[in-house]
Amino acid sequence: LDFSHGLYARETRWRWASASGRLADGTSLGLNLVEGHNDGPEGENALWLDGRIVPLGPARFQFDHRRPDAPWTITTADGRVALRFEPEGVRTQRLDLGLLASSYLQPIGVFSGVVRDAAGAEHRVEALPGVTEDHRSRW
């Protein structure tokens, strides 16, 4: 189940990324990033390093909508996240029921790049499993 504290506009679009695992040094890492929904000061973007949460700034997703299986670039405005996402498979669904419509793609793959903790220390990310999403809907 997916719960949100947001109220969606009639036409909504968002991008999302989630990942979790361990870095090469054994540090546990969790990541949640969203663009296009709850982008305000109380956003949902966060990094967890060994259970300590690091709030993140607004996220930016760059990818080719025609080729969702090509690499994605995901960054945050505060410079704490600079990741490349390599899709290994893509789940898609398109529905058009007139009043209601949804265009959904969800690649699964691995993240590589850099994240920075609350003190600004850099942590290398290599082949961290995760998922991204691009969703457009009309309710």
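## Burial of D134

Buried means under 20% relative accessible area, exposed over 50%, and partly exposed in between, with a 1.4 Å probe and protein chains only. D134 counts as buried because its relative accessibility is 1%.

## Basis of the model

This is a predicted model: local features need pLDDT of at least 70, side-chain atom pairs count only at pLDDT 80 or more, and totals for chains, interfaces and linings use all residues. Residues are numbered from 1 along each chain as its sequence is written, and side-chain values use heavy atoms, with hydrogens and water left out.

## Surroundings of D134

D134 sits in strand β9, residues 122-138. Strands are DSSP runs (E, at least two residues), numbered from the N terminus. The D134 side chain makes a polar contact of 3.3 Å with the side chain of R13. Such a contact is a pair of N or O atoms within 3.5 Å; within protein, one must be able to donate a hydrogen and the other to accept it, and residues adjacent in sequence count only if both atoms are side-chain atoms.

Residues up to four places away in sequence aside, D134 touches R13, W14, R15, F63, H65, W72, S103, Y104 and L105. Contact means heavy atoms within 4.5 Å.

## The sheet

Nine antiparallel strands form an open sheet, ordered β4-β3-β2-β1-β9-β8-β7-β6-β5. Pairing requires at least two DSSP bridges between two strands.

Strand β1 (residues 11-22) pairs with β9 over nine bridges; A19 has G130 as its bridge partner in β9. Eight bridges join β1 to β2 (residues 28-35).

Technical notes
Helix = DSSP H or I, 4+ residues; strand = E, 2+ residues; numbered from the N terminus.
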